[in-house]
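Trainee: I'm new to reading protein structures, and I'd like to go through one feature by feature. Could you show me how?

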Amino acid sequence: MLRIDAIFMLNSLDKIIQDGVDRGLLQKFTSNEQLDSADICIDDSKYVNFGSCSYLGLEYHSALKEGVKSAVDRFGTQFSTSRTYLSIGLYDQLETELGKMFEKPALVSASTTLGHLAALPVIIEEGDVVILDFQVHSSIQMTAQILKANKISIHLIPHNDMDSLELKIKALSEKANRIWYMADGVYSMYGDFAPLDRVEKLLNKYKKFHLYIDDAHGMGWTGKNGIGYVRSQIKHHDKMVLVTSLNKSFAASGGVMIFPNEEMFRKVKNCGSTMIFSGPIQPPMLGAGIESAKLHQSQEFTSVQHELRKKIEYTNQRISELELPQYQMTESPLFFIPVGLPQIIRTIIKRMKKQGFFLNSASYPATPIKKGGLRFMINNNLSIQQIESMLVTLKKEYVLGLLSEGSSPEYVAKLFKLDPFLVNHGVSAGENGTSMNLHATSYSTISEIDSKEWNLLFSKFGSNEHQNLKELELVFKGNSSREYNWDINYHVIRDADGHIILASVYSLALMMDDLLADKNISEKIKELRKDNRFYLTSKTIMTGTPFTKGRSVYIDYTNDDWKEAVKMHVELLQDIAEDKEVTKIILREFCSSQKKRLESHLMELGLLELELPSNCVIDDMSWKDTDGLLSRLSQKYRYSLRKEILNKEEQFEVSFERPVLESDRQHTFELYKTVHNRSTEISVFELPYSLFLKMYEDPSYDFIHLYIKDGPEHPVAVMLSQVIENVYNAQLVGLDYDYVRENGTYKQILYQTVKRAKQLGCSKVDLAYTAEMEKKKVGAVPESTFGFIMALEHDSYAEMQLLK
């Protein structure tokens, strides 16, 4: 079973990137024979490159090129020795020049990432605590996992939320030796800045508070001698470590760590793992770095910075005049234009390529899947004329791209909570593929829908049956506990002839964020919920309800407009999610063949495939007796059924009486709670007793109570099942764990469930999820089931990863 974890994220990313590769938008190569400007060729087509982070355009500067040539002529192409033993003299020159620039000890690494890997495990000591900004660069987040493995406590705060940061500092100060906040100076997706004035005040206010900050995107283009955004805003505090890049604006190679004192510099140089075990920067790029550092300290450099500043100001001015949106107005050379889903971003980028402009995307997983955008950089290789031409073209192609994908400037403004923009864009939507033959109706209660019509679509395929849903609407409404208030709604889409193309039941409910998380993570979260029962919980929209299972979305795949109907349904759920501040949308449950039909279409709509726990069913109930059941099992499971279940059957008495006395009803409920409290396979809130009261009175429910002969008077196991359309649906199990291991009560109740279904003449048994091995012993076959998920925020996932 695929969990919502790092593997799920990896597989999802793989599909998204591969889709971009297949569309010819990602992992391309230039085909230029020579590069000396912003003009690039891809597949023999010419583009103006707005994807370069070489903000100052120094890669073509004559001094840097001569530095490379001189270094090669004098020292060759490489000097391959660990820096612990020996460094080429160019290293000393480069670190000396950088020390002059920053007026602090400077240690060069082969990349910024390798710098983090060298510094953090050394400077973060036992008893220290780390707080990560939610959007801090991936390289720091990766290194934080090493710190976590070293027993360092890692915490997370919302992006740039200084109030949350101060609360964390106060909460951690008593026990922590030092509290390290890790952030970026300029954030690489949205181009926004760290609130350094607030950070500096906290550094001065709290003795234990320290700052570790990555200014890779702030280097060069701002600050005296190009020492970057961070140092342009605050002095180098004696509790601050600054790490920045010698790529990007610096136009060389590597990273540099700037320390507040010689002692820290010495210790990282001596003990940093990548200073010992990674290869060095090679002579050619050391030569470029030395010349770049000298250039940064020259009189010429201020004019280079000034040239870029004028282009940034011009870009901001024209974006405003053209009424293009920005997520946040920025003085950095990195711009983010809000769009939405990856599919829409790809469409606009493709349109811009046709017009001769190469732009980047900022999308999932770097941003929430619905809040991606266009990412472009301004650099000194671009002319004002090229910037003007790109922005004017972008205004038109942006609107056309949105409209062609069923979006609009109005929708983007709502999605990103922006002021209205491009209100009178004057572009006709044209044909966007929406069928005018579809008619959608929303219902707030199942009572408004014809029961025969509904059950024809759902009752044979799970428990989302008309009467069931009617009862659940009553149980999960008006309760004092918010986890027991489910907003259950319905959506039906018909064609012009009134035929149903799509029908769905969906619920808005408070759910546990670790619903399908790794078991080890859920166990840790369960402990934390003892102090805060709503820890890592959030509002979720899911098709079906948190209690029912089986089909929750009916789709008529024979209708030509089924994809449009699915899109309409997803858009309805998205609109509700935005209005109700929902964190995720889950569509479920689909079989393998349905998954294949849906996956590419739903990925375009922003929903990623999620493998759910397999559903264990017995489809063949034609056997007459236990021998007949045994004959259908493999040798392995025949042996298990005989030894572990049939040999112990005589120990038990089985009752099918419906609980009538309140004490019996409560005991049944307590047995269920015992199982729920131990479960971490699927994390859900405990069901309320009011639901059990409904089940006790519902004639469609069947009860199996298992007693041990000469044992306690009360049952030691119970199974609550529902018979719908001649299918025996096992829904809830309860166990007294004092008898599970010795007496095999769980295995026995499963077997008795199958026998009971046979006794009632049922044509199928649905044993639900989990415990596949035990269910196979009684004849069940696991069937793969799938869902699709849209995560509207990443905070909970990131926090769960810190609990690994």
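**Reading the model together**

Mentor: Let's start with helix α2, residues 62–75: its 14 residues reach 20 Å from the first C-alpha to the last, close to the 20 Å expected at 1.5 Å a residue. That expected span is 1.5 Å times one less than the number of residues. Helices (H or I, at least four residues) and strands (E, at least two) are DSSP runs, numbered from the N terminus. Keep in mind that this is a predicted model, where local features need pLDDT of at least 70 and side-chain atom pairs count only at pLDDT 80 or more, while totals for chains, interfaces and linings use all residues. Residues are numbered from 1 along each chain as its sequence is written, and side-chain values use heavy atoms, with hydrogens and water left out.

Trainee: Which residues of α2 are buried?

Mentor: First the idea: buried means under 20% relative accessible area, exposed means over 50%, and partly exposed is in between (1.4 Å probe, protein chains only). In α2, the buried ones are L64, G67 and A71. They sit on the same side of α2, because they cover an arc of only 50° around the axis; that arc is taken from the directions from the helix axis to the C-beta atoms. The face turned away from this buried side carries the exposed residues S62 and D73.

Trainee: What do the buried residues of α2 pack against?

Mentor: Their partners are α3 (89–102) and α11 (283–296). Contact here means heavy atoms within 4.5 Å. Just after α2 comes G76, which takes a positive phi of about 85°.

Trainee: Okay, on to strands. How many bridges join β15 to β16?

Mentor: The general rule is that two strands pair if DSSP finds at least two bridges between them. Strand β15 (residues 487–494) and β16 run antiparallel and are joined by eight bridges, with R494 having I500 as its bridge partner in β16. The two form a hairpin with five residues between them, and G498 in the turn has a positive phi of about 90°.

Trainee: Which other strands pair with β16?

Mentor: One is β17 (residues 537–543), antiparallel over seven bridges, where L510 stands opposite K539. Another is β18 (residues 553–555), antiparallel over three bridges, where L502 has I555 as its partner. β16 is mostly covered, too: 13 of its 13 residues are buried.

Trainee: Which residues have the most contacts inside the largest nonpolar core?

Mentor: A nonpolar core is a set of buried Ala, Val, Leu, Ile, Met, Phe, Trp, Tyr and Cys residues joined through side-chain atoms within 4.5 Å. The largest one has 184 residues, and Y181, F376 and Y398 have the most contacts inside it. Strand β16 (residues 500–512) supplies the largest share of this core, nine residues. Apart from it lies another core of 34 residues, among them Y637, I645, I704 and A717.

Trainee: Last one: how many salt bridges does the structure hold?

Mentor: Side chains of opposite charge can pair when their charged atoms come close. We count a salt bridge when a side-chain nitrogen of Lys or Arg is within 4 Å of a carboxyl oxygen of Asp or Glu. The structure holds 41 of them. In one, the side chains of K15 and E609 meet at 2.4 Å, N to O. K15 lies in helix α1 (residues 6–22) and E609 in strand β20 (residues 608–618), so the pair ties together parts that are 594 residues apart in sequence. K15 is partly exposed at 34% relative accessible area, whereas E609 counts as buried at 17%.

Trainee: Where do E97 and K100 lie?

Mentor: Both are in helix α3, three residues apart, about one turn of the helix. E97 is buried, with a relative accessible area of 13%, and K100 is partly exposed at 48%.
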